[in-house]
Amino acid sequence: MRKENGMTATQPITGPVTEASEQPGATGSPSGGRKPGGDARETLYFALRNPKVIIGMVVVLGFLLLGLLGPAFLRYAPMDYAGPPMAPPSADFPFGTTTFGQDVFAQFVAGLRSTFLVGLLGGGVSAVIGMTIGFVAGYRGGLIDELLNMLTNVVLVIPGFVVLIIINAYLGVRSVPMQALYIGVFSWPWVARAVRAQTLSLRSRDFIDLARLSGVGVGTILRREVAPNMYSYLFMTFVLLFGGSILTAASLDFIGLGPTNAMSLGLMMNQAVQWSALHLGLWWWFIPPGLGITLIVGSLYIMNVGLDEVFNPKLREM
Amino acid sequence: MLTLTQLDKVYKTGTFGTSDLHAVRQVSLDVQRGEVVSLIGESGSGKSTIGKMVLHLLDSTGGTITFDGRDVTKLGFRARRDYYRKVQGVFQDPFSSFNPIFKVDRTFETLRQSYFPKVSGSEWRSRLDDALAAVTLEPDDILGKFPHQLSGGQLQRLLIARALLLDIELLVADEIISMLDASTRIDVLNLLGELKARGLGILFVTHDLSLGNYVSDRVVILYKGRIVERGDTTAVFDDPLHPYTRDLLASVPHLDRTWEEVEAEEAGRAARLAGRCLYHEAVAAQGRSLGEEAASAEGSGSGEVPDGVGLVEYAPGHFVGCFRKAAEEPCPAGS
Ligand SMILES: Nc1ncnc2c1ncn2[C@@H]1O[C@H](COP(=O)(O)OP(=O)(O)O)[C@@H](O)[C@H]1O
Ligand SMILES: [Mg+2]
């Protein structure tokens, strides 16, 4: 538990991020020089044979299914006073109950939903912002590039986690989507930088000039010529952003800045600590959410490493 | 058809664009229909920069570009689309000219979506077959392949076919055969000859003097962004005037003459032209001394060619510039 606390609380945005910006970066030049594509089938073939991808995917999808289907089998709502207080796991309450007799399993399932929602929305928001800025800056160059670069650097040096704490404390976070939005708005800079760098090097290729000679506009060129060369990279980026958002959200929830109208895994741990679950020996209250977050985020990173091997033939273990 | 007048290009380099790189200086040339004009110069002399400015892939810093009398120096998106119906380019590296992750067909598909959205599938296919036939490619060998499955020569011909689909009038060919092996070079060169016979104008960019000799009607010799000599191919090759051109030609083998003859001729020319500058002599003959010219360049600026980067007509159709090499050097005739 203590170890997990340490991980969630002291590794704010910058933790996964610095790692992240290097990992796909190691893939090197835009994957255009990579094997010619159209070989989606081949990619899938290697993906399905890569243990890291498989393990990561199974764990993540397992939790996702539990989050999606779980509520259908629950008899109690997460906040209901459902049974005897502080009951250890039993047939009726697979994860036991809290000090107030709430069903921990019901809370866990609801928490999984918010966790995936935060990952999806937060990752989505930062991916959209980062990629848009990266593409435009890299392709247009010149003054636009310099301005966008400045913006990126400003957001990059802002201690995102601290700002999130301030925003959360002052504005209050009512809902999970709101929290995801805030997280997304502060975690895009490294995406923008990486995408910009790759776009910059792709832009000088002759096929971009040829597309321009075909009378095609900037948007079309970015969408049809530049982005497809980076699909694998963009996908991996999204996986990392997904994991990063989950971790940040959990950290915020844990220090009591989570959404007020929803249950989340971080919030569960927050309450567990608040009500001295640790001292009372109620391990079933804090182990499931802690382990859940660790497994989900860990699996996402493992999956990312695996995907790197899949997309980058040089790394494939034959 | 295509006319460049005193075209200039300055690249901003260094952080914050602090230093300037004058890549193209006061370049004036023209290309007519049914004519191949070779733009010859060593690597870094600004050939590609000129080609890209003609193709509107780069903005020019000064000067004008006209096409059929119409000023096309600055074009909006719409006008550029129309311009590209008549003017197309092919570049040096065929493998970089295709998006490596897509089949080569997509290049044609892009063109179709952009310019011929109403043409039916079968009609398009027959046009495509015609264009491929014109560059002696078999559709079945080519279509449905990835770029890395084809040879450089095939890819370059594909790109020419792409240009032909648009029914173009001017082709900018930027070192299109320098990356091909010898056996396919000649095919592509001959293809250019056929295009010329069809009435196309071709701006043939090359660093290889003998290639320029082989295909072109006129040549333009470029050194460090400046035209040093320009004229009919035979005139320039038989009687090179500028020291840079003479250096270049001295290293090119001649089929019809022995080395001794060539060297003797060059020695005679060197003796005749040593310490002289035909450009400044001609300018002086027009009643202006070197000093006056420099002064007028500083003062007026009204279409006046500054700083001796202009050309004089030494013989009909044969132009030569000041005999110094780099723009920074002094004129060998002294001033
Ligand atoms: N995008 C650019 N930015 C700055 N300098 C450039 C750029 N492109 C070319 N140059 C410089 O301009 C000069 C001419 O280049 P280029 O036109 O490519 O020559 P060539 O095609 O004759 O080899 C070179 O010195 C080159 O370094
Ligand atoms: Mg070049």
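Analyst: Below, labels are set against their cut-offs, one by one. Keep in mind that this is a predicted model.

User: Why is B:Glu260 called exposed?

Analyst: B:Glu260 has a relative accessible area of 58%. Exposed means over 50%. B:Glu260 is therefore exposed. Its place is in helix 11 of chain B.

User: Which negative surface patch does B:Glu260 belong to?

Analyst: B:Glu260 forms a negative surface patch with B:Asp238, B:Asp256, B:Glu261 and B:Glu263. Asp and Glu count as negative. Helix 11, residues 259-273 of chain B, gives the most to this patch, with three residues.

User: What makes B:Arg33 and B:Asp68 a salt bridge?

Analyst: The closest N and O atoms of B:Arg33 and B:Asp68 are 2.9 Å apart. The cut-off is within 4 Å. The pair therefore counts as a salt bridge. This pair links distant parts of the chain, 35 residues apart. B:Arg33 is in the loop between strand 2 (19-31) and strand 3 (36-40) of chain B. B:Asp68 is in the loop between strand 4 (62-67) and strand 5 (70-71) of chain B.

User: Are B:Arg33 and B:Asp68 buried, exposed or partly exposed?

Analyst: B:Arg33 has 42% relative accessibility, and B:Asp68 has 40%. Buried means under 20% and exposed over 50%, with partly exposed in between. Both residues therefore count as partly exposed.

User: How many salt bridges does this rule give over all chains?

Analyst: The count comes to 21.

User: What makes B:Arg246 and B:Glu266 a salt bridge?

Analyst: Their side chains meet at 3.2 Å, N to O. That passes the test of being within 4 Å. B:Arg246 lies in helix 10 (residues 243-250) of chain B and B:Glu266 in helix 11, so the pair ties together parts that are 20 residues apart in sequence.

User: Which salt bridge joins B:Glu266 to B:Arg269?

Analyst: It has its closest N and O atoms 3.0 Å apart. Both residues lie in helix 11 of chain B, three residues apart, about one turn of the helix. An α-helix has 3.6 residues a turn, so residues three or four places apart point the same way. B:Asp239, B:Arg246, B:Glu265, B:Glu266 and B:Arg269 are linked in a network of salt bridges.

User: Why are B:Arg246 and B:Arg269 called buried?

Analyst: B:Arg246 has a relative accessible area of 10%. B:Arg269 has 6%. Buried means under 20%. Both arginines are therefore buried.

User: Why is helix 12 of chain A called largely enclosed?

Analyst: Of its 24 residues, 21 are buried, so helix 12 is largely enclosed by the rest of the structure.

User: What makes A:Leu65 partly exposed?

Analyst: A:Leu65 has a relative accessible area of 49%. Exposed needs over 50%, and buried needs under 20%. A:Leu65 therefore counts as partly exposed. A:Leu65 is in helix 4 (residues 51-69) of chain A. With A:Leu68, A:Leu69 and A:Phe73, A:Leu65 makes a nonpolar surface patch of about 460 Å².

How values were computed
Residues numbered from 1 in each chain as written. Chains lettered and ligands numbered in written order. Predicted model: local features only at pLDDT ≥ 70, side-chain atom pairs only at ≥ 80, totals over all residues. Heavy atoms only, no water. Patch = residues over 30% accessible without salt bridge, like charges linked within 9 Å, V, L, I, M, F, W, Y side chains within 5 Å. Areas by Shrake-Rupley, 256 points an atom, 1.4 Å probe, with all protein chains shown as cover. Charge placed at Lys NZ, Arg CZ, Asp CG, Glu CD. Helix = DSSP H or I, 4+ residues; strand = E, 2+ residues; numbered from the N terminus. Buried < 20%, exposed > 50% of the residue type's maximum accessible area, 1.4 Å probe, protein only.
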